[in-house]
Amino acid sequence: MKKIIFTLLMSTVAMGSFAQLSTEVGYNIGFSSYLGDLQPKAFTYDQPGFSTGFHIRHNITSQLAVRGMVNYGRLNASDAKSLDQGHIQRNLSFRTYIMEFGGVMEVNVLPFDKFNTKNKKYRRYFNFTPFFFGGVNVFHFNPKTLYKNEWVALQPLQTEGQNYSLTQIAIPFGFGFKHQVSKHIGFQIEFGFRKTFTDYIDDVSTNYPDLNKMALNNPTAADLSFRGDELPENPQTIPTAGSQRGLSSNMDWYLINNVSFTYKIFQNKKY
């Protein structure tokens, strides 16, 4: 899998090197969101985070480009804000910072960048266009929760009795709108989705372990595996071993929607 991803990324970079019309560097800022066991609503901003990052785009043709990007953002959610009574009684919460890097291929709907001097004279070009993108990312995360006024990392505690990797692969895809304000200055709005292959961005996936047994070896892990007994009114009884804690059949997603500002550098010749 890693060899395939590496080959695809190198291929897109090679395409840009041999046929690029221009290169752009950009900065983006926006919002992030998460979809998983603590936030089952699809694509909501009830509990938004922030995101920021940089990218480099090589425009191969007026309608095709490759982009390398690095993004940093925050994801968070809490059962206390859920509309599901079962989630409220579970009383879990998390926060994680996401660092992602990778590459995507962009397809412009319209022939883009009328300011490019290399444009064909007989064809019409636009300084605006919708676009679609897709590619491969690698991201790192580290879910934590607030416990006794401190942010505690959850992965080392193995709150479900399982271990998992904090570095994963995601499939970024989405759409947006870009506008070339002048020969060198650009602006774009992007709506991006990340399909991941982990269910542990929120540290919740499968079933409860034996909490009484866990408490003997690691009382903090037992306390943070189930927090319904912390509720001030009607504290919940400790769940039995093997009872459902999360929904492992659905992998976690995260979203990054942002606004980007770019500076374009035109190439003197094709290579």
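Student: If buried means under 20% relative accessible area, exposed over 50% and partly exposed in between (1.4 Å probe, protein chains only), what share of the residues in the protein is buried?

Tutor: Buried residues account for 47% of the 271 residues in this protein. Bear in mind that this is a predicted model, in which local features need pLDDT of at least 70 and side-chain atom pairs count only at pLDDT 80 or more, while totals for chains, interfaces and linings use all residues. Residues are numbered from 1 along each chain as its sequence is written, and side-chain values use heavy atoms, with hydrogens and water left out.

Student: Where is confidence lowest, and where highest?

Tutor: With pLDDT as the predictor's confidence in each residue, from 0 to 100, the protein has a mean of 87, and 89% of its residues reach 70 or more. The lowest confidence is in helix α1 (residues 2-19), with a mean of 47, and the highest is in strand β5 (residues 128-140), at 97. Residues 11-20 stay under 50 in pLDDT, and for them the model has 18 contacts (heavy atoms within 4.5 Å) beyond four places in sequence.

Student: How many helices and strands are there?

Tutor: There are 4 helices and 10 strands, taken as DSSP runs numbered from the N terminus (helices H or I, at least four residues; strands E, at least two). Along the sequence they follow the pattern α-β-β-β-α-β-β-β-β-β-β-α-α-β. Of the contacts between residues at least 6 apart in sequence, 75% join residues at least 24 apart.

Student: OK, the core then: which residues touch the most other members of the largest one?

Tutor: Ile201 and Tyr254 do, in a nonpolar core of 17 residues, a core being a set of buried Ala, Val, Leu, Ile, Met, Phe, Trp, Tyr and Cys residues joined through side-chain atoms within 4.5 Å. The elements giving two or more residues to this core are β3 (64-78), β4 (93-108) and β10 (253-266).

Student: What does a second, separate core include?

Tutor: That core has 11 residues, among them Leu154, Leu157, Tyr208 and Leu224.

Student: And is Ile185 buried, exposed or partly exposed?

Tutor: Ile185, which lies in strand β9 (residues 185-196), is partly exposed because its relative accessible area is 41%.
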